[in-house]
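Student: I'd like to learn how to read a structure like this one. Can we go through it together?
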Amino acid sequence: MSVDLSIFQQSFFQEATELLNDLETNLLHLEDQKEDRELLNTIFRCAHSIKGGSATFGFPEIAQFTHGLETLLDRVRDGKVPVTGELCRVLFQSLDQMRALLAQGMGQSNLVPDDTELTAHILALSECEPGGPTATSSPEQTSQDAKSSSVADKFLLHFAPGPDVMRTGGDPCLLLGQLLEIADVESVTRNDLGIPPLLEMDPEACYVAWDIQFQSSESRDVILEIFDFVSDESDLRLEMVTPIEDENPEIATAIPTGQPAAPADNISRPETTILRVPADKVDRLVNLVGELIITQSMLNEVTLDFEMDRKPRLLEAVAAMERASRELQERIMGIRLVQLKHAYARFPRLVRDLSAAVDKKIELITVGEETELDKTLIEGLGDPLTHLVRNAVDHGLEGPAERKAAGKPEHGTIKIISRYEGGNVIIEINDDGKGLDRDRILSKARERGLVSESEIPTDDAIYAFIFHPGFSTAKQVTNLSGRGVGMDIVRQAIQGMNGSISLSTNPGQGTSFRIRLPLTMAIMEGLSLRVGKEVYILPLTSIVESLRPSPSDLSLITGKHPVVSVRGEVLSVLALHEWFGIDGAITNPCEALLIIVENEGHKVALLVDELITQNQAVIKSLEANYRKVDGITGATILGDGRVALIIDVPGLLRGMNHERGLATRAA
Amino acid sequence: MSRVALVVDDSTSMRQMVSYTLKDAGFSVIEAGNGQEALDKLAAATGGKVDLIITDLNMPVMDGLTFIKNARTKPSAKFTPILMLTTESGENRKAEGKAVGATGWIVKPFQPDQLIRVIQKVLPA
Amino acid sequence: MAVNQLEGSEAKSGVAAHVDQFLTFTVANEEYGVDILKVQEIKGYVPTTRIPNAPPEVVGVLNLRGTIVPIVDVRAKFNMEATVYDAFTVIVVVVVHERVMGIIVDSVSDVMNIPPSDIQPPPDFGARHSSSALKGMGKVGDKLIILLDIEAMLLGDTAALAA
């Protein structure tokens, strides 16, 4: 029987990747919580697990490097090594090194920085003598002393198991059985002298001892190894009697050394991607399959002894079947959906490192990171987003002094906002830095012959030049994967996903990059509501609360704009029936419902008839066959097959402000 | 009726490897991600009894040594062979383990056939 | 009736291409025809979901096996008298420039082969039918079929569906 360990490598890779990500998050916390024991234990376990797994599944380099780290972390969690800024730096460097080693192990790269210096540093911190444990330990404990012999030696063994051997689940007979496998027994003497009278006997204790004379070609160590578990508590003596010449020498058989299997050349790396699926997604699938089975039996029932007068029921059953199987198909596709926060995971660390390197104070805010995208899109976004964030840190944001002089807060802010818009995901990367320098870009474009001296392109055209190949100053040569990236590559990557990227900038105020990615599908948690006879869906994430106001809470500003007071806060009321031109809706808020929605800090109270229920809505594009509709961000298909439109909260807020702006200007 | 093994380790890949090896050797396997989960699964097992326990030591929620100590207090697990997964630098672990009632250990990293050989020291073939 | 059925009947009659074939239907007692190659399927009328602030001829959208399809009422498009939809009302699903859309008609008639020689250029109907939506007048026996340019009708300049 031989289990091929390479089948577990994929599992190990995924686990190791997650562990390294967890480690990073924990290290980020460590800087603020130096004394947290539980945190230190968790960090230790990350390294410990990676070490164990990498050694077991055939990655000795990773195991070797991680070994020193594990020793250090063990001492840190025991309080023997203090948590200092220097320690944290070394830990972060080690994390990067482990990532590089893992990437190498996964066949993704062959560039691994030399870690001699880092390893020495780790040793120094853990106050170990240089040259401490570094070699991967051989798993076969006796391989060093493996002394395969073609001659059988004669041995005399005295084995008196300790009285408690069986209390810990041991069985001396099994051990003797193992001995029998490697020994030619000449004589066995059982020693019963230790057995007490029956009334005094503890049935769980061991009182018997053995003296065994035997021949074996195995070494002392191999023989003694059998009794490893009980040697400390037992009386165990092994003597070698004069060696005997074997008349028929057998070819020495090497003891299997059991070296960890080296990964077979990186060619046959299993192609399977592993998906982590939340259990509730799987549960919903299971439910759907149940529905499908029910509709199937409906069909069976109707078609048995079918008569034409049963046709309506047949059609009903077929329709139900179609709905259930379509939803099943969509949800299975949905399993590939992953939250954007996984693409953002590395950014807090990146921003921290970069801002320290360039001496700027930067805050990173992410909004809408629960927006889901197909896994491949998430993976494809990693590098482009990273580059945009780096750019913002490096070029976009000013240093604290410059910001102060400009009357801005010392802390620069980078915001990554994501949301659905129709059949697309929109990701915006905004900074409140100094904006793009139009004139500089124009002169550079002229330098490169992209624009003639006399031409004066529009501002948008000028800014678009930054996407031109070779245009950007690539100050950063290496990102996490060691490749240089320019804005042109960013755009190509986005276009490769059928998306588009645009930018807008405001000198002195900041720059905003807008990435649009079309989706084949997206699922959103929503709340369905009714206005008149029409059903609409609100994204759950935009909802703050709902309430039925009393007349005293309502008033009209300048006689025209309805507002409601909620715990002292005054919010505009947007009557959806007015906005969407719906007849037959309840117009009096006190008889209806106000749903308070929020986007980027702005709130408004939507007037609706009633809330229906919460559902998971598969977002369908309205634009694919129709066009963009103001205030609507897409559609979904309800359980009964009808279409419900999804409300675009940011769009509504913008439209409302615009109108109010117009109104106040006109007033 | 095949023998039942309980495998306790917070590392998924490690658990998979051990489980696979055990199943290959004819065991049916129950898995747990930490000591507490292991105790729960032990209680839920048929007759509260399993034939073999293999446990890692470093785990969140409840570590291996605590788990072993607790397991030994359950009458059905009093004499169940318990093997710890240790590392070569954990010499003191072996003694600590025995003190709380572990039967033996296997040192990481190990090959599947080594695991089987160690199991044969505590369970008949 | 799906387009593949038409292929079957074709194979029997040995007619080569669909190029000259039109699906004909009735709206307010007038006969119209559209290029068969643009017709995806025909389905019975089902209520649509209204789109807020849409032009009057766009009555709403419906779910066609998971795709959201906008539906245009031909009567409203050509400013004809509105009618009540009933069991015979039909939606003709067309595909124009990769967009799937539907038009509501009173009833569907037949597939007819109208070679170009039988098609006259459209007369000027004045305000009632914007002539850009017409391909021409097809003559089939004694009947005159108003051939619609479905592309221009749904996506043309005056149309509401242009993005």
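Student: How many residue pairs are in polar contact between chain A and chain C?

Tutor: A polar contact is a pair of N or O atoms within 3.5 Å; within protein, one must be able to donate a hydrogen and the other to accept it, and residues adjacent in sequence count only if both atoms are side-chain atoms. Here there are eight such residue pairs between chain A and chain C, both residues at pLDDT 80 or more. This is a predicted model, where local features need pLDDT of at least 70, side-chain atom pairs count only at pLDDT 80 or more, and totals for chains, interfaces and linings use all residues. Residues are numbered from 1 along each chain as its sequence is written, chains are lettered from A and ligands numbered from 1 in the order in which they are written, and side-chain values use heavy atoms, leaving out hydrogens and water.

Student: What is the count of salt bridges between chain A and chain C?

Tutor: Look for a side-chain nitrogen of Lys or Arg within 4 Å of a carboxyl oxygen of Asp or Glu. The count is one: Glu534(A) with Arg50(C), whose closest N and O atoms are 2.9 Å apart.

Student: How much area do chain A and chain C bury between them?

Tutor: Interface size is often given as the accessible area lost when the parts come together. Buried area uses a 1.4 Å probe and is summed over both parts. Chain A and chain C bury about 1,800 Å², with 55% of it on carbon and sulfur atoms. On the chain A side, Asn625(A), Tyr626(A) and Val643(A) lose the most area to chain C, together 41% of what that side buries.

Student: And how many residues does the contact take from each of these chains?

Tutor: Contact means heavy atoms within 4.5 Å. Chain A gives 22 residues and chain C gives 25.

Definitions and conventions. Buried area = accessible area lost by both parts, 1.4 Å probe.
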